[in-house]
Amino acid sequence: MLLLCKMGVLEIDYKILKEIYKKREKNVRKKNFGNVLIIGGSKLYPTTPILVALAAYRSGTDWVTIASPEYSARIISSYDPNLMVYPLDGEFLNITHIKKLLELSEKRTAIEIGGGLTRRDDVLEVIIKYLENVKNYVIIDDDAIYAIAKRKDLLNKNFIITAHSYEFYILTGEKVSYDLSDRIEKVKKYAKEFNTTIILKGNVDIISDGERVGIVRKGYFSRYMTKAGLGNTLAGILLSTLSRNKDTFIAACAAAYINGKAGEIAGKEYLDGLLPIDLINYIPKVIKKYLEI
């Protein structure tokens, strides 16, 4: 499945997809391949959950629900009829939403929280309260990283953190250089300390659960993956892979591989004009191509 590097690090290649995408039986139905919840959006950043949701759908999730404040929920629901939205009263996440969010979380195969919620103190407190009580597999992304940084004691094996270098600094207090060895060492160190899985995004994505370490190398055209929103596509893909394989390390490696490969192909076509939606449209082609090899 994986190639072993000299450093004892797993070099992730297309074979990882075999761990996620199994042959479908004849009598399958809705929710067999994922029933996920996205908690995101606000008056300031209403559209961020759209990218997460579309990436989850394009990578195979059957059912995606977005829980979002009413202001952003109206915008999201008007964008695409494929998107199912549960509106929460108000313009921002607030403490009155906790009970409903926990109810919506029941029986979900995976949850993503953070995109577009903002870093207002009151919003971060709601995120913390939610993470204190949720029992599901949860992807902590974007603004939610700023919340969990205040309560690292809440981190556990059911959580996955997707962070770029600055968010990693917010979480750990340590800056990472561009040196691959340094990045690998620090990701593994803190994944072990926090008892969770971490993806450090970059030119080379690094994934660790504290014991195993995987890296996803990207090609020349991945240098065009600098647009806002390309981290949200990773989170959406991860919702799908995690729904199919509850090994958080394997799911994270597979999601990073798909996101990187789709971004590389889209980057080759669009160069500086690459948008997150371009990457999303290449996700099924990446999965199909590498499953057929």
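## Close-up views of a predicted model

**View 1. One side of helix α3 faces inward.** In helix α3 (residues 98-105), the buried residues are Ile98, Leu101, Leu104 and Ser105. They share one side of α3, because together they span an arc of only 125° around the axis. Helices work like this in general: with 3.6 residues a turn, residues three or four places apart point the same way. What do the buried residues of α3 pack against? Their partners are β3, β4, β5 (84-88), β6 and α4 (121-133). Just past the end of α3, look for lysine 107, which takes a positive phi of about 70°. Keep in mind that this is a predicted model.

View 2. Now move to strand β3 (residues 35-39), where five of the five residues are buried. Asn35, Leu37 and Ile39 sit on one side, Val36 and Ile38 sit on the other, and both faces are covered. Which strands are joined to β3 by bridges? One is β4 (residues 63-69), which runs parallel to β3 and is joined to it by five bridges. Here isoleucine 38 stands opposite isoleucine 66 of β4. Another is β6 (residues 110-113), also parallel to β3, with four bridges between them. In that pairing, isoleucine 39 has isoleucine 113 as its bridge partner.

**View 3. Helix α2 has a buried face and an exposed side.** Helix α2 (residues 70-79) has Ser72, Ala73 and Ile76 buried. Looking down the axis of α2, you'd find these buried residues within an arc of 105°, so they line one face of the helix. Which residues are exposed on the other side of α2? Those are Arg74 and Ser78. As for the buried residues of α2, they pack against α1, β4 and β5.

View 4. Glutamate 174 and lysine 189 form a salt bridge, with their closest N and O atoms 2.9 Å apart. Glutamate 174 sits in the loop between α6 (165-172) and α7 (180-194), while lysine 189 belongs to helix α7, so this pair ties together parts that are 15 residues apart in sequence. Glutamate 174 is partly exposed, with a relative accessible area of 21%. Lysine 189 is partly exposed too, with a relative accessible area of 40%.

View 5. In helix α9 (residues 248-270), lysine 261 and glutamate 264 lie three residues apart, about one turn of the helix. They form a salt bridge whose closest N and O atoms are 3.7 Å apart. Are lysine 261 and glutamate 264 buried or exposed? Both are buried. Elsewhere, Lys129, Glu132, Arg151 and Asp153 are linked in a network of salt bridges. Across the whole structure, a search finds 17 salt bridges.

**View 6. Inside the nonpolar cores.** The largest nonpolar core holds 54 residues, and the ones touching the most other members are Ile16, Ile207, Leu238, Leu239 and Ile283. At least two residues of this core come from each of β3, α1, β4, α8 (230-244), α9 and α10 (276-291). Which of these gives the largest share? The answer is α9, with twelve residues. Zoom in on leucine 238: leaving out residues up to four places away in sequence, it touches Ile139, Ile160, Thr162, Ile199, Ala251, Ala252 and Ala255. There is also a second, separate core of 47 residues, and among its members are Phe92, Ile113, Ala147 and Leu155.

Note on methods:
Residues are numbered from 1 along each chain as its sequence is written. This is a predicted model: local features need pLDDT of at least 70, side-chain atom pairs count only at pLDDT 80 or more; totals for chains, interfaces and linings use all residues. Side-chain values use heavy atoms; hydrogens and water are left out. Buried means under 20% relative accessible area, exposed over 50%, partly exposed in between (1.4 Å probe, protein chains only). Two strands pair if DSSP finds at least two bridges between them. The arc is that of the directions from the helix axis to the C-beta atoms. Contact means heavy atoms within 4.5 Å. A salt bridge is a side-chain nitrogen of Lys or Arg within 4 Å of a carboxyl oxygen of Asp or Glu. A nonpolar core is a set of buried Ala, Val, Leu, Ile, Met, Phe, Trp, Tyr and Cys residues joined through side-chain atoms within 4.5 Å.
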